[in-house]
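Biologist: Can you bring up the model? I have a few quick questions.

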Amino acid sequence: MPLTDLFIRKVKPSGKPSGDKYSDGRSLYLLVKESNKYWRMNYRHEGKHKTLAFGTYPEVSLAEARELCADARKLLRAGADPKPPKKDRHAQEQEADQNTFEALALQWLAKMGASRSASTQEKVLAWLQHDLFPYIGSMPAAAIKPRDILGVIQRVEARGAIDSAHRMKQMCGQILRYGVAIGWVERDVTPDLKGALIAVPRKNFAAITEPKELAVLLRSIYGYEGHIVPVTALKLTPLLVCTSRRIARGRMVGIRSRCRRMAHPCSEDENEDGAYGAAAHTSGGPAARASSRDRSREVCLSKPAHRARVHE
């Protein structure tokens with residue numbers, strides 16, 4: 001007689017050491033013991049009697065157990081054994097030894113190379129080689145515990161590099177999540193470290209708010225005598241009000257466009273990209289455009305002796 005959910009919920013173990021078996025038909029049965037209720041299926045393959053486990057009730061419901069049993073019977077009809085072969089213990093240990101944290105981290109780093117700059121990859125590799133690999137690099141990735149990650153990060157924290165310690169924790173989490181995806185690791189253990197690190201101190205960046213202090217900075221910039229590249233970048237920064245990254249990677253076309261915007265206040269028809277309407281650029285003919293260039297030079301190149309070469 002097939003089992004029902006009501007019967008499975010109410011059935012109690014009789015106390016027999018081997019447990020009590022309740023058949024659902026088609027080789028599927030429920031094994032009831034003091035510890036739990038187990039789904040099992042008996043079958044024969046290549047003349048050998050075998051038992052297949054489908055989990056415990058209620059984690060695996062009656063309907064799910066029947067579905068798993070039906071799938072197993074399909075494999076049997078096809079001549080295959082539904083029970084996966086057990087791995088040799090020596091092979092398992094050898095596989096674990098090869099799947100180290102260092103091997104996992106290098107594989108993850110190679111995957112990230114397509115979406116990162118070369119400088120970022122070098123920085124991350126230096127972190128791994130200096131702060132992680134000497135301590136947990138040779139450990140099997142699956143054996144990494146929260147305390148292992150914490151011990152490594154606290155060494156960085158002890159140097160006063162609080163922000164780097166938090167970044168390293170984040171990087172370890174990314175590596176372990178990649179390990180979960182490829183089957184090397186069961187789970188990412190870094191969430192267990194929440195609250196274990198010193199919070200990153202927050203502070204405001206210094207800013208000049210007084211005109212006199214700004215004048216001192218500008219005099220220092222114009223008094224600096226160094227290579228033409230940093231000299232030019234320093235002199236352009238207060239004029240274009242850009243970050244150092246934009247200055248370093250900027251193109252002359254963009255700089256000229258920025259200078260024109262400073263020379264000509266934005267018209268009402270300026271678009272979202274900062275491009276001017278036709279009236280700002282095309283009206284007036286060559287003479288007007290020449291005048292526009294002159295005014296741009298007056299605003300951006302107030303010292304023609306050393307700036308005109310940069311602009312033109």
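This is a predicted model: local features need pLDDT of at least 70, side-chain atom pairs count only at pLDDT 80 or more; totals for chains, interfaces and linings use all residues.

Biologist: Leaving aside neighbours within four places in sequence, what is Leu132 in contact with?
Modeller: Leaving those neighbours aside, Leu132 is in contact with Phe101, Trp127, Gly137, Val152, Met168, Met171 and Cys172. Contact means heavy atoms within 4.5 Å.

Biologist: Which residues touch the most other members of the largest nonpolar core?
Modeller: Leu132 is one of them, along with Phe101, Leu128, Ile149, Met171 and Ile175. That core has 28 residues. A nonpolar core is a set of buried Ala, Val, Leu, Ile, Met, Phe, Trp, Tyr and Cys residues joined through side-chain atoms within 4.5 Å. Buried means under 20% relative accessible area, exposed over 50%, and partly exposed in between (1.4 Å probe, protein chains only).

Biologist: Which elements give two or more residues to this core?
Modeller: H4, helix H5 (118-136), helix H6 (146-158) and H7 do. The largest share, 7 residues, comes from H7. Another core, of 17 residues, lies apart from this one and includes Met41, Phe54, Ala65 and Cys69. Helices (H or I, at least four residues) and strands (E, at least two) are DSSP runs, numbered from the N terminus.

Biologist: At what angle do H4 and H7 pack?
Modeller: H4 (residues 101-112) and H7 (residues 162-182) pack at about 95 degrees, with axes 9 Å apart. Axes are lines fitted to C-alpha atoms, for helices over the stretch in contact, and angles run from 0 to 180 degrees between N-to-C directions. The two helices are therefore roughly perpendicular to each other (65 to 115 degrees).

Biologist: And which residues of H4 and H7 meet?
Modeller: From H4, Phe101 and Trp108 are among them; from H7, Met171 and Ile175 are among them. By class, this contact has 10 nonpolar, 3 polar and 1 charged residues. Ala, Val, Leu, Ile, Met, Phe, Trp, Tyr, Cys and Pro count as nonpolar, Asp, Glu, Lys and Arg as charged, and the others, Gly among them, as polar.

Biologist: New topic, the sheet. In what order do the strands come?
Modeller: The order is S1-S2-S3-S4, in an open sheet with antiparallel pairing. S1 (20-25) and S4 (48-57) are the edge strands, each pairing on one side only. Two strands pair if DSSP finds at least two bridges between them. S1 and S2 (residues 28-32) have 5 bridges.

Biologist: What lies across the sheet strands?
Modeller: Helix H2 (residues 62-77) lies across S1, S2, S3 (37-45) and S4. H2 runs at about 15 degrees to S3.

Biologist: Is His45 buried or exposed?
Modeller: His45 is buried, because its relative accessibility is 11%. This residue sits in strand S3. Beyond its sequence neighbours within four places, His45 is in contact with Lys50, Leu76, Gly79, Ala80 and Asp81.

Biologist: What about Glu46, what is its phi?
Modeller: Phi of Glu46 is near 55 degrees, a positive value in a residue other than glycine. Most residues other than glycine have a negative phi, and most peptide bonds are trans. Glu46 is in the loop between S3 and S4. At 71% relative accessibility, Glu46 counts as exposed.

Biologist: Where is there a cis peptide bond?
Modeller: A cis bond joins Tyr57 and Pro58, with omega about 15 degrees. Pro58 lies in the loop between S4 and H2.

How values were computed: Residues are numbered from 1 along each chain as its sequence is written. Side-chain values use heavy atoms; hydrogens and water are left out. Angles under 35 degrees count as roughly parallel, over 145 as roughly antiparallel, 65 to 115 as roughly perpendicular and the rest as oblique.
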